[in-house]
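Reader: Hi! Could you walk me through this one before I set anything up?
Author: Happy to, here it is.
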Amino acid sequence: MDFKIRAAKQEDCKEISRMIIELAVFEKMQDQVKISTQELERDGFCSNPLFECQVAEVSEEQKSSQGYTVVGYVLYYYTYSTWMGLTVFMEDLYVMPEYRGKGIGKGLMSKVAQVGKEKQCTRLQLAVLDWNTRSLDFYIMKGARDMTASEGWHALRFDGEALDKLAAEAPKD
Amino acid sequence: MFKLRKAEPRDVPDILRLIKELAKYEEMEDRVMLTEKDLLEDGFGEHPFYQCILAEWQEEQSNEEPKVIGFAMYYFTYDPWTGKLLYLEDFFVVEEFRGKGIGSEILKLLSHLAMKTRCGSMHFIVAEDNRSSIEFYKRRGAEDLSKEEGWRLFRFDKDSILKMAAPAEE
């Protein structure tokens with residue numbers, strides 16, 4: 001199957017939004033998606049974008065059963081390790097089910113690696129759910145290490161009420 | 001008594017010193033590759049990759065220069081479900097100054113900054129054997145996403161990146 005990997009444009013946000021929800025459904029967390037297409041456009045295509053995105057596109061002849069030609073995406077951003085400097089974090093990687101097994105996921109990830117290499121990033125990191133064995137195997141096969149298993153790193157979060165409460169107790173400006 | 005302030009270029013030697021002390025606490029001090037030059041370029045150039053808050057200590061009625069005894073390094077990331085996030089990369093208070101509420105005040109300031117800059121949440125990672133830090137965060141309402149939702153952190157190192165970035169040989 002012929003496909004093209006290219007940098008996302010602002011007009012792609014509608015398709016990216018659609019696929020973000022599809023990925024959330026797969027991860028069984030669709031009720032956690034609060035963001036709109038407009039917010040994605042604002043956050044990804046302003047003068048200081050908060051993320052970058054590459055999309056996978058197929059020709060009209062290969063469009064999906066619902067008529068989509070944008071069939072996969074990878075959303076990533078830059079992080080900073082105080083040990084090693086600039087790193088790239090791959091936040092979302094998704095290919096629509098009917099387009100899997102054709103090298104599109106690999107193509108999207110390679111593009112992020114290429115972008116990371118150009119910016120001299122020393123690491124590419126990501127988070128995977130522990131039950132997602134197909135993805136875990138895919139990443140391990142390409143050389144990723146499970147840092148939670150090997151070094152015991154856990155991801156923590158403050159949000160909602162806990163964050164509000166902490167913020168309310170901050171020293172006044 | 002202590003004071004919190006934004007880091008400036010002149011603070012780079014202190015920032016590196018504290019990064020190394022934190023790495024030592026995490027028993028990984030030989031992994032710190034960054035130099036003062038890197039920190040200066042990366043944090044105080046045209047497009048900073050990180051932001052930094054410092055905690056300074058000065059003995060009451062002392063004429064000595066305040067000492068930098070704690071820091072927090074953070075930057076902004078993105079959750080495609082909820083939007084902008086504050087990511088806390090490093091957070092450390094020198095041992096002899098712990099238990100005085102400094103860490104607590106730093107965390108509150110970061111939360112305030114998060115809300116002010118339109119962040120929906122604050123994320124960070126902790127090593128699971130660092131019980132005292134995990135307790136510190138959980139007491140204040142943090143959720144352990146690895147434990148509760150099963151998220152595992154994966155990493156590709158430089159060699160793997162170079163391999164993936166090379167053109168395909170198919």
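Predicted model: local features only at pLDDT ≥ 70, side-chain atom pairs only at ≥ 80, totals over all residues.
Author: What follows is a quick chat about the fold, the surface and the confidence scores.

Reader: Thanks. How many helices and strands does chain A have?
Author: Chain A contains six helices and seven strands. Their order along the sequence is β-α-α-β-β-β-α-β-α-β-α-β-α.

Reader: And what box do the C-alpha atoms of chain A fill?
Author: Along the principal axes, that box is roughly 60 × 35 × 35 Å.

Reader: What share of chain A counts as buried?
Author: Of its 173 residues, 53% are buried.

Reader: What about contacts in chain A between residues at least 6 apart in sequence?
Author: Of those, 60% link residues at least 24 apart.

Reader: Nice. And the charged side chains of chain A, how many are positive and how many negative?
Author: There are 22 positive and 27 negative ones in chain A. The centres of the two sets are 5 Å apart.

Reader: Now chain B, what's the mean pLDDT there?
Author: Chain B averages 90, with 97% of its residues at 70 or more.

Reader: Which elements of chain B have the lowest and highest mean pLDDT?
Author: The lowest belongs to helix α6 (residues 158–165) of chain B, at 81. Strand β2 (residues 51–57) of chain B has the highest, at 97.

Note on methods. Residues numbered from 1 in each chain as written. Chains lettered and ligands numbered in written order. Heavy atoms only, no water. Helix = DSSP H or I, 4+ residues; strand = E, 2+ residues; numbered from the N terminus. Buried < 20%, exposed > 50% of the residue type's maximum accessible area, 1.4 Å probe, protein only. Contact = heavy atoms within 4.5 Å. Lys, Arg positive; Asp, Glu negative; His and termini not counted. Charge placed at Lys NZ, Arg CZ, Asp CG, Glu CD. pLDDT = per-residue confidence, 0-100.
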